[in-house]
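Visitor: Hello! I am new to protein structures and would like to learn how to read one. Could you take me through some features step by step?

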Protein chains: 2
Amino acid sequence: MELFAEHGFEATTVAGIAERAGVTERTFFRYFADKREVLFAGEQHLEAVFVSAIAGAPADAPLTDLLVAALDAGGAALQDMRGREFARARNEIIGANEQLQERELLKLAKLSHSVASALVERGIADVPARLAGDLVVSVFSTAFARWVAADETRDLVELQRQGLTAINTLVRTETG
Amino acid sequence: MELFAEHGFEATTVAGIAERAGVTERTFFRYFADKREVLFAGEQHLEAVFVSAIAGAPADAPLTDLLVAALDAGGAALQDMRGREFARARNEIIGANEQLQERELLKLAKLSHSVASALVERGIADVPARLAGDLVVSVFSTAFARWVAADETRDLVELQRQGLTAINTLVRTETG
DNA sequence: CCTAGTGATGTCAGTGTCTGACATCAATGA
DNA sequence: TCATTGATGTCAGACACTGACATCACTAGG
């Protein structure tokens with residue numbers, strides 16, 4: 001993180017990271033699949049939180065409640081993980097490099113897929129489940145982008161709730 | 001495409017592609033930013049179709065109509081571009097490789113961003129515009145996945161309409 | 001106390017992607 | 001006729017990543 005913040009992602013070599021960590025390049029690649037993956041370790045934990053929230057909801061909970069539960073749990077977990085300042089620093093690094101954005105999008109796509117699977121487990125049909133998975137990820141990442149914005153002080157969970165409301169009115173209009 | 005289909009993306013070297021094309025490796029990289037980009041040329045055209053549909057809609061069109069217009073235009077354009085069989089072949093290659101999926105997700109994220117910008121141009125507020133951009137992309141890619149499925153024969157535009165309907169009922173339930 | 005095995009790390013050689021610098025060569029236009 | 005321009009080739013090199021093998025500390029069993 002220090003090296004990335006100082007010289008940028010591309011200008012930082014794996015040799016440099018390994019040296020700073022006191023290991024060889026080969027050892028680095030035994031811990032991380034590739035150079036980008038350093039910034040995405042522990043991502044599967046967040047995914048588990050989303051999924052657990054859905055799987056652990058009361059049996060009679062309507063779809064809405066499942067999505068809200070997943071977002072609340074996920075948002076809270078992310079906030080507790082390493083704090084907003086860490087998230088800001090990490091986000092700036094990722095925002096400056098397309099390779100990293102690609103990786104982040106892949107992680108989010110997997111999150112969407114996991115959420116969809118969890119919903120299918122609860123009897124939701126395939127297509128609505130996929131769309132709901134995307135919706136959850138959309139609300140999550142839009143709220144996250146706002147959460148790490150320079151002047152923002154509000155809670156991530158609160159911002160997610162606002163996002164859900166926005167989608168509601170957005171689609172409500174849609175009925176005409 | 002032939003080489004990728006035959007040996008897979010990773011096993012195909014740029015040297016091999018260049019040779020097949022009758023040029024040198026260096027020339028390949030003057031036409032494509034990297035090896036993956038070969039499969040994503042002409043993507044900006046599709047993006048333009050989505051944006052034009054929004055920008056060109058009647059001044060008094062409600063948000064719903066803008067999203068439907070964008071999806072109809074984009075779906076139709078994609079269908080007319082190179083046909084379903086080509087899309088299937090391309091999709092299979094991409095589905096077999098995570099690097100290519102990452103690139104595709106990046107392209108879709110850019111599409112979402114463009115759609116959101118086009119909506120902002122029409123006076124939609126920032127957050128709803130972003131969410132609507134994601135929604136359009138979600139409906140588009142979910143419908144696309146179904147469109148290229150093995151036994152599917154329905155129209156892409158029709159599948160997108162179904163997706164929109166699904167989101168409607170999905171969020172309608174949400175009101176309680 | 002010895003020893004065989006196990007896991008983490010180092011070493012090394014090699015492949016493949018991608019880039020910068022420079023050379024070549026054909027087409028174009030004054 | 002000649003300078004210019006654009007496309008391509010040539011070459012060397014940086015860097016990411018991998019497979020194969022060596023080393024070495026630690027541990028369990030005799």
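Guide: Gladly! Let us begin with a cut-off: a residue is called buried under 20% relative accessible area, exposed over 50%, and partly exposed in between. Keep in mind that this is a predicted model.

Visitor: Let me try that on Ile124(B). Is Ile124(B) buried, partly exposed or exposed?

Guide: Ile124(B) has a relative accessible area of 21%, so it is partly exposed. You will find Ile124(B) in the loop between helix 6 and helix 7 of chain B.

Visitor: What does Ile124(B) touch, leaving out residues up to four places away in sequence?

Guide: Ile124(B) touches Leu63(B), Leu119(B) and Ala129(B).

Visitor: Now to helices. How do I describe two of them packed together?

Guide: Two packed helices are described by the angle between their axes and by the distance between those axes. In chain B, take helix 6 (residues 98-121) and helix 7 (residues 126-147): their axes lie 8 Å apart, at an angle of about 135°. Helix 6 and helix 7 of chain B are therefore oblique to each other. Their crossing is right-handed.

Visitor: Which residues make that contact?

Guide: On the helix 6 side of chain B they include Leu108(B), Leu111(B), Val115(B) and Leu119(B), and on the helix 7 side of chain B they include Ala129(B), Val136(B), Val137(B) and Phe140(B). Sorted by class, this contact has eleven nonpolar, three polar and three charged residues.

Visitor: How do helix 7 of chain A and helix 7 of chain B cross?

Guide: The axes of helix 7 of chain A and helix 7 of chain B come within 10 Å, and the crossing angle is roughly 150°. Helix 7 of chain A passes helix 7 of chain B in a right-handed crossing. Among the residues that meet are Val127(A), Leu131(A) and Val139(A) from helix 7 of chain A, and Val127(B), Leu131(B) and Val139(B) from helix 7 of chain B. By class, this contact has eight nonpolar, four polar and six charged residues.

Visitor: Which residues does Leu105(B) touch, not counting those up to four places away in sequence?

Guide: Leu105(B) touches Leu105(A), Leu106(A) and Ala109(A). Leu105(B) itself lies in helix 6 of chain B.

Visitor: What about charged residues?

Guide: Side chains of opposite charge can pair when their charged atoms come close. How many such salt bridges would you guess are here? Over all chains, the structure holds 28 salt bridges.

Visitor: Could you show me one that joins two chains?

Guide: Look at Glu98(A) and Lys110(B), whose closest N and O atoms are 3.1 Å apart in a salt bridge. Glu98(A) lies in helix 6 of chain A and Lys110(B) in helix 6 of chain B, so this pair joins two chains. Glu98(A) is partly exposed, with a relative accessible area of 42%, and Lys110(B) counts as partly exposed at 35%.

Visitor: How far apart are the closest N and O atoms of Asp126(A) and Arg130(A)?

Guide: They are 3.0 Å apart, and the two residues form a salt bridge. Asp126(A) and Arg130(A) are four residues apart in helix 7 of chain A, so about one helical turn separates them.

Visitor: Are Arg36(B) and Glu102(B) buried or exposed?

Guide: Both Arg36(B) and Glu102(B) are buried. They form a salt bridge in which the closest N and O atoms are 4.0 Å apart. This pair links distant parts of the chain, 66 residues apart: Arg36(B) is in the loop between helix 3 and helix 4 of chain B, and Glu102(B) is in helix 6 of chain B. Salt bridges that share partners join residues of both chains into one network, including Arg36(A), Glu102(A), Arg36(B) and Glu102(B).

Methods:
Residues are numbered from 1 along each chain as its sequence is written. Chains are lettered from A and ligands numbered from 1 in the order in which they are written. This is a predicted model: local features need pLDDT of at least 70, side-chain atom pairs count only at pLDDT 80 or more; totals for chains, interfaces and linings use all residues. Side-chain values use heavy atoms; hydrogens and water are left out. Axes are lines fitted to C-alpha atoms, for helices over the stretch in contact, and angles run from 0 to 180 degrees between N-to-C directions. Angles under 35 degrees count as roughly parallel, over 145 as roughly antiparallel, 65 to 115 as roughly perpendicular and the rest as oblique. A crossing is left-handed if the near helix is turned anticlockwise from the far one by less than a right angle, and right-handed if clockwise. Contact means heavy atoms within 4.5 Å. Ala, Val, Leu, Ile, Met, Phe, Trp, Tyr, Cys and Pro count as nonpolar, Asp, Glu, Lys and Arg as charged, and the others, Gly among them, as polar. A salt bridge is a side-chain nitrogen of Lys or Arg within 4 Å of a carboxyl oxygen of Asp or Glu. Buried means under 20% relative accessible area, exposed over 50%, partly exposed in between (1.4 Å probe, protein chains only).
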